Amino acid sequence: MPQNEHIELFQKRFGRRLDYYEKKRKKEAREPHKRSAVAKKLIGLKAKLYAKKRHSEKVTMKKTIQQHSERSNKHKVEEDAQPGAIPAYLLDREQTSRAKVLSNTIKQKRKEKAGKWEVPLPKVRPVAEDEMFRVMRSGKRQKKTWKRMITKATFVGPGFTRKPPKYERFIRPSGLRFTKAHITHPELKCTFQLQILGVKKNPNGAMYSSLGVLTKGTVIEVNVSELGLVTPGGK
C-alpha cells in the first residue's frame, strides 16, 4: 500500500466524524454566496476572465438540463397499425399526446382573463417617466440617484407599511395616497364616494399598476356594498 493513503485507511477503519456530512452540506450551500462575493470584488482583467469562465459553466449546465428535460410540446404517437384498426380519418385525424401542453380551452380562458380589464379610454396620452417620477438624491454627498418619488395620486392597501429607506426605490408620498374615489353610476346618474379596493390596470404599464398609480384611464376596483347592489362578495 502506498505511504500517502493513511487518511483513507483511517476512514475505512474508524469512519468519519459524526458531523462530517452536515458540515459538507453547509459548505456546499455557502459556495454560491462565496463565488458571488468573489465575482463582486474582482476588477479588471481578472474579473473578465472569471466572468467568462462562469458564463461557459452556466452554458454547459443549461445545455445538460435541456437535454434531460422532457419535450413540452405536441408530438404524434408512433404506433404500429393493429389488425382491424379504425382508419385515422374516422377518428380525430391523428392522435396527439400532449406532454405538458395546456389545452386550448385553458389558453382561451387565460386570454379572456388577460383582456378582462381592457382600458375604456384607448387613446390615453402616455405619461412620461420624468412627469411621473422625481429623482431623489441620497447619500452623504447627495450623489446617489436611484430613488424615485411618485408625483401622481396613488393607492396603497390598508395594511401598507413602508420598506426601510435602504430598500425603498419608489416613494409614494402620504399626501398623494388615496383610499376613496368618486364613482358615477351610469344608470342611476349619481355620484358616490366609494372605498378603493385595488388598482387593476394602468394604461401606462404593469409597473404603474403594481405601484397603484392613479392616472387617466386607470381601471380600479371599488367596494359597491354600500350601494345595496347584490354582487358576489359585494364588489
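Buried here means under 20% relative accessible area and exposed means over 50%, with partly exposed in between (1.4 Å probe, protein chains only). The structure is a predicted model, so local features need pLDDT of at least 70 and side-chain atom pairs count only at pLDDT 80 or more, while totals for chains, interfaces and linings use all residues. Residues are numbered from 1 along each chain as its sequence is written, and side-chain values use heavy atoms, with hydrogens and water left out.

Charged pairs come first. A search of the whole structure turns up eight salt bridges, each being a side-chain nitrogen of Lys or Arg within 4 Å of a carboxyl oxygen of Asp or Glu. One of them links Glu22 to Arg25, with 2.6 Å between the closest N and O atoms. Both residues belong to helix 2 (residues 20–41), where Glu22 and Arg25 are three residues apart, about one turn of the helix. Helices (H or I, at least four residues) and strands (E, at least two) are DSSP runs, numbered from the N terminus. As for solvent, Glu22 is partly exposed at 37% relative accessible area, and Arg25 is partly exposed at 46%.

Helix 3 (residues 44–68) holds another such pair, Arg54 and Glu57, which sit three residues apart and are separated by about one helical turn. Here the closest N and O atoms of the salt bridge are 3.4 Å apart. Arg54 has a relative accessible area of 25% and is partly exposed; Glu57, at 28%, also counts as partly exposed.

The salt bridge between Glu131 and Lys152 (3.1 Å, N to O) has another setting. Glu131 lies in helix 5 (residues 129–132) and Lys152 in the loop between strand 4 (144–150) and strand 5 (170–171), so the pair ties together parts that are 21 residues apart in sequence. Glu131 is partly exposed, with 32% relative accessible area, and Lys152 is partly exposed at 22%. Back with the arginines, salt bridges that share partners join Arg35, Arg54 and Glu57 into one network.

Next, the strands. Two strands pair if DSSP finds at least two bridges between them. Strand 6 (residues 180–185) runs antiparallel to strand 7 (residues 190–201), and six bridges connect the two. Within this pairing, His182 has Gln193 of strand 7 as its bridge partner. The two strands make a hairpin with four residues between them, and Lys189 in the turn has a positive phi of about 55°. Strand 7 also pairs with strand 8 (residues 219–222), again in the antiparallel sense, over four bridges.

On to the rings. A pair of aromatic rings is described by the distance of the centres and the angle of the planes. Rings of Phe, Tyr and Trp (its six-membered ring) pair if their centres lie within 6.5 Å; planes under 30 degrees apart count as stacked, over 60 as edge-to-face and the rest as tilted. The whole structure contains four aromatic pairs. Among them is the tilted pair of Phe10 and Phe14, at 4.8 Å centre to centre and 45° between the planes. Both are in helix 1 (residues 6–14), four residues apart, which puts about one helical turn between Phe10 and Phe14. Phe14 counts as exposed, at 59% relative accessibility.

Phe133 and Tyr208, on the other hand, are stacked, with 5.8 Å centre to centre and 20° between the planes. Phe133 lies in strand 3 (residues 133–138) and Tyr208 in helix 6 (residues 206–211), so this pair ties together parts that are 75 residues apart in sequence. Phe133 and Tyr208 are both buried. Ring pairs link Phe133, Phe170 and Tyr208 into a cluster. A ring also meets a charge: the charged end of Arg16 sits over the ring of Tyr20, 4.3 Å from its centre (the cut-offs are NZ of Lys or CZ of Arg within 6 Å of the ring centre and within 35 degrees of the ring normal).

Finally, Thr215. This residue is found in the loop between helix 6 and strand 8 and is buried, with a relative accessible area of 15%. Contact means heavy atoms within 4.5 Å. Leaving out residues up to four places away in sequence, Thr215 touches Val127, Met132, Lys152, Asn202 and Asn204.
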